[in-house]
Amino acid sequence: MGQAKANEMLLLGKVFNADEMERCGLLSRILPKENFREQVLAIAEETAKFSLEAMKVTKELVRGYDREFLEQVNANEMERLGERMASPDSLESIMKFVGMFGFQ
């Protein structure tokens with residue numbers, strides 16, 4: 001995704017549409033609505049031609065090399081989120097948001 005787009009999403013709350021997500025590399029492709037089911041089944045049939053064990057090994061090679069790092073990042077993020085949720089300014093913002101809907 002890149003740091004600039006990640007900042008835009010996380011700091012500014014930007015919501016990306018499918019085209020933007022594809023350009024950022026979060027999606028490999030966008031399938032049109034027409035014949036969607038048939039396209040998905042065709043991809044599944046093509047994928048099913050490969051060895052299940054080979055697919056598992058390949059996925060682990062692609063995803064596994066930084067798993068420990070990503071788990072540590074996630075733990076840090078959760079810790080920081082807990083700290084933020086308990087902070088006075090965060091609680092104030094939450095109460096303002098809830099108040100917008102008439103909840104007390």
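Biologist: Let's begin with phenylalanine 101: is it buried or exposed?

Modeller: Happy to start there, keeping in mind that this is a predicted model. The relative accessibility of phenylalanine 101 is 52%. A residue counts as exposed when this value is over 50%, so phenylalanine 101 is exposed.

Biologist: How many aromatic pairs does the structure hold, and which arrangement does the pair of phenylalanine 97 and phenylalanine 101 have?

Modeller: The structure holds one aromatic pair. The ring centres of phenylalanine 97 and phenylalanine 101 are 5.1 Å apart, and their planes meet at 70°. Planes over 60 degrees apart count as edge-to-face, so the arrangement of phenylalanine 97 and phenylalanine 101 is edge-to-face.

Biologist: Staying in that part of the chain, where does methionine 100 lie, and is it buried or exposed?

Modeller: Methionine 100 belongs to the segment after helix 6. Its relative accessible area is 62%. With the cut-off for exposed at over 50%, methionine 100 is exposed.

Biologist: How far apart in space are methionine 100 and proline 88?

Modeller: Along the sequence, methionine 100 and proline 88 are 12 residues apart. In space, going from C-alpha to C-alpha, the separation of methionine 100 and proline 88 is 19 Å.

Biologist: Now for the charged side chains. Which residue does lysine 96 meet in a salt bridge?

Modeller: Both partners lie in helix 6, which covers residues 88-99, and they are four residues apart, about one turn of the helix. The N to O distance in the salt bridge is 3.5 Å, and the partner of lysine 96 is glutamate 92.

Biologist: What is the N to O distance between arginine 84 and aspartate 89?

Modeller: Arginine 84 is partly exposed, with 41% relative accessibility. Aspartate 89 is partly exposed as well, with a relative accessible area of 43%. Their side chains meet in a salt bridge, and the N to O distance is 2.7 Å.

Biologist: Which side chain makes a polar contact with the side chain of serine 87?

Modeller: Serine 87 sits in the loop between helix 5 (67-86) and helix 6. It is buried, since its relative accessible area is 9% and the limit for buried is under 20%. At 2.8 Å, the polar contact of the serine 87 side chain is with the side chain of aspartate 89.

Biologist: Let's move to glutamate 20. Is it buried or exposed, and which residues does it touch, leaving out those up to four places away in sequence?

Modeller: Glutamate 20 is part of helix 2. It is buried, because its relative accessible area is 16% and buried means under 20%. Leaving out residues up to four places away in sequence, glutamate 20 touches Lys14 and Val15.

Biologist: What accessible area do the residues of the nonpolar surface patch have together?

Modeller: The patch is formed by Met1, Met9, Leu10, Leu11, Leu12 and Leu26. Among them, leucine 26 is in the loop between helix 2 (18-24) and helix 3 (36-48), and it is partly exposed at 46% relative accessibility. Together, the patch residues have an accessible area of about 640 Å².

Biologist: One last stop, asparagine 35: what is its phi angle near?

Modeller: Asparagine 35 lies in the loop between helix 2 and helix 3. It is exposed, with a relative accessible area of 52%. Its phi is positive, in a residue other than glycine, and the value is near 60°.

Notes: Residues numbered from 1 in each chain as written. Predicted model: local features only at pLDDT ≥ 70, side-chain atom pairs only at ≥ 80, totals over all residues. Heavy atoms only, no water. Salt bridge = Lys/Arg side-chain N within 4 Å of Asp/Glu carboxyl O. Buried < 20%, exposed > 50% of the residue type's maximum accessible area, 1.4 Å probe, protein only. Helix = DSSP H or I, 4+ residues; strand = E, 2+ residues; numbered from the N terminus. Patch = residues over 30% accessible without salt bridge, like charges linked within 9 Å, V, L, I, M, F, W, Y side chains within 5 Å. Areas by Shrake-Rupley, 256 points an atom, 1.4 Å probe, with all protein chains shown as cover. Phe/Tyr/Trp six-rings, centres within 6.5 Å; stacked < 30°, edge-to-face > 60°. Contact = heavy atoms within 4.5 Å. Polar contact = N/O pair within 3.5 Å; in protein donor to acceptor, adjacent residues only side chain to side chain.
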